[in-house]
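Hi everyone, thanks for coming.

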Amino acid sequence: MHQRLDPQEIPPGCPAHGNVQMYGPSFGADPDSHYAQLRSFGLSAPVDIAPDVQAELVTSYDAALYVLQNPASFVRDSRRWNALNEGRIPADSPALPMMGYRPNALFSDGAAHARLRRAVTDSLATVNEHQLIRQTQQSANYLISQFSTDIRGQAELMAEYAQPLPLLVFSDLFGCPPEIGDRVIAGISGIFEGTPGADEVLGGALTELIDLKRRRPTDDLTTRLMEHPAQLSDEEVLHQLVTLLSGGTAPLAAAIGTSSALYLGEDWQVGLPVEDAVSQTLWNYAPIANYAAHYPTHDVELGGRVVRANDPVLISFAAANTDPKLTEHREQLSAKAHLAFGAGPHACPAKDPAFMIAVTAVEVLLNQLLDVELRVPFKALTWTPSPWSRSLVTLPIRFTPRAVPQAAGAAGTAGTAGSNGGHQPLQQQTAASAPSKAGPSGLPGLSGLSGSSGSSGSSRTNAAAAPQSKGGLFSRFLAWTRGE
């Protein structure tokens with residue numbers, strides 16, 4: 001049981017039971033003050049991660065590493081969760097989609113985890129780095145082409161760029177044909193937006209994709225998973241694909257948005273490259289802020305606080321990365337020493353590709369829109385109130401609109417931001433893509449996912465998630481790459 005504090009010892013703003021509330025507008029507006037408050041408890045603190053859902057949240061960098069790297073004492077299988085097994089978690093709790101068990105590598109331990117993890121890491125290792133960069137460049141150029149000719153010279157970068165870009169890249173990596181790719185994107189987007197029936201749309205689309213690859217294997221991530229020596233079942237393949245989608249697309253969107261905002265922000269130091277903006281995002285604005293529920297196999301003590309066996313212990317990647325105890329030697333740490341990608345046996349297997357995608361996305365933006373700038377100061381931007389993620393709600397930008405649309409299908413090259421802090425134009429930029437001189441004035445309810453729904457029935461009749469008559473996002477992107 002959580003150690004209880006004397007009422008006189010409860011920090012201001014905590015509920016009567018002593019837990020800090022980690023959700024809602026107050027948390028979203030100022031998570032750093034909540035983390036500072038939590039540190040008054042010690043290495044970890046009791047929190048309400050959602051209404052009626054209590055957990056122990058680790059805020060210390062060293063303690064987080066201890067939990068993440070100690071699988072003998074802290075396991076990931078949430079079927080051990082005391083409160084859930086005792087019926088104390090509301091059936092409609094927003095914590096269940098994030099913490100409820102699913103048969104994937106994220107929620108597995110021991111030999112079962114090693115088998116699934118090996119299939120995922122081996123398959124990801126076959127992704128060609130140069131091909132991934134080209135896929136990201138092409139996706140970025142397409143999305144920019146959709147808003148860059150707007151005569152207002154304005155766009156909302158989260159919705160129009162940062163969020164759809166990873167979805168296009170992943171659909172391509174998975175080897176989706178156009179119609180299936182449309183439904184994969186509609187399904188995963190709908191899940192994050194809370195659209196009814198979105199999980200059935202995603203499950204049906206991925207089931208069709210797996211069936212297709214059984215009949216006609218190709219050189220893509222789905223086929224590699226299916227052909228791996230671990231011999232995953234079709235259901236296991238489906239759940240690993242869902243894990244890659246849910247664990248990759250939303251955090252990547254957050255990283256792209258925040259990194260872009262930092263680079264364009266008023267406090268950005270001239271001369272620092274895009275890689276520094278992405279690294280600062282991972283250190284100071286961890287896209288996955290509080291997550292990775294672990295369940296102690298026995299009663300444990302964390303800095304004087306006792307946590308009962310099978311009570312959830314969550315990791316605050318955001319608080320651990322900004323632990324004041326790191327201040328003295330933060331600059332001596334490796335740039336990759338942050339915990340944004342986790343650590344230990346469950347660390348993100350795609351951290352290097354994810355970093356590459358984020359850097360490429362920001363570089364293409366800067367090189368395609370040479371005078372792009374924020375419409376509001378960085379410090380005035382608003383963040384989602386979710387305890388699980390750190391992501392901008394919107395990212396309003398302005399730029400000189402293009403007089404002529406970019407040639408369809410042009411992949412371009414990412415280039416790098418100039419050392420003087422300006423935006424260096426693309427090496428092979430065409431006149432058609434050059435800016436006009438006349439410019440403007442100054443993470444997932446996935447617990448119910450199943451592949452049994454197929455491609456018909458409710459998964460195709462959901463109007464909110466169904467592709468448009470001219471095809472969904474992936475179909476339109478592929479048509480654009482063909483010059484149609």
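Predicted model: local features only at pLDDT ≥ 70, side-chain atom pairs only at ≥ 80, totals over all residues.

Let's begin with helix 6, which runs over residues 110-125.

Now, which residues of helix 6 are buried? They are His 113, Leu 116, Arg 117, Ala 119, Val 120, Ser 123 and Leu 124. These cover an arc of only 155 degrees around the axis, and therefore sit on the same side of helix 6. Their packing partners are helix 12 (221-227) and helix 13 (234-264). If you turn to the other side of helix 6, you find Gly 110, Ala 111 and Ala 125 exposed.

Let me stay with Gly 110 for a moment. Gly 110 has a relative accessibility of 52%, and that is why it counts as exposed; the cut-off for exposed is over 50%. The C-alpha atom of Gly 110 is 9.0 Å from that of Ala 72, although 38 residues separate the two along the chain.

Next, a pair of helices. Helix 10 (residues 178-193) and helix 11 (residues 198-215) have axes that come within 8 Å and cross at roughly 150 degrees. Helix 10 and helix 11 are therefore roughly antiparallel to each other, and the crossing is left-handed. Where do they meet? On the helix 10 side, the residues include Glu 179, Arg 183 and Gly 187, and on the helix 11 side they include Asp 199, Leu 202 and Glu 208.

Helix 10 has another neighbour to show you, helix 9 (residues 164-173). The axes of helix 9 and helix 10 come within 10 Å and cross at roughly 135 degrees. That makes helix 9 oblique to helix 10. The crossing of these two is right-handed. Leu 167, Leu 168 and Ser 171 of helix 9 make the contact with Gly 181, Val 184, Ile 185, Ile 188 and Ser 189 of helix 10.

Last stop, helix 16, residues 351-368. Its 18 residues should span 26 Å at 1.5 Å a residue, and its end C-alpha atoms are 26 Å apart, in agreement. Of those 18 residues, 14 are buried, so helix 16 is largely enclosed by the rest of the structure.

Terms used. Residues numbered from 1 in each chain as written. Heavy atoms only, no water. Helix = DSSP H or I, 4+ residues; strand = E, 2+ residues; numbered from the N terminus. Expected span 1.5 Å × (residues − 1). Buried < 20%, exposed > 50% of the residue type's maximum accessible area, 1.4 Å probe, protein only. Arc of directions from axis to C-beta. Contact = heavy atoms within 4.5 Å. Axes fitted to C-alpha atoms, helices over the stretch in contact; angles between N-to-C directions. Parallel < 35°, antiparallel > 145°, perpendicular 65-115°, else oblique. Left-handed = near helix turned anticlockwise from the far one by under 90°.
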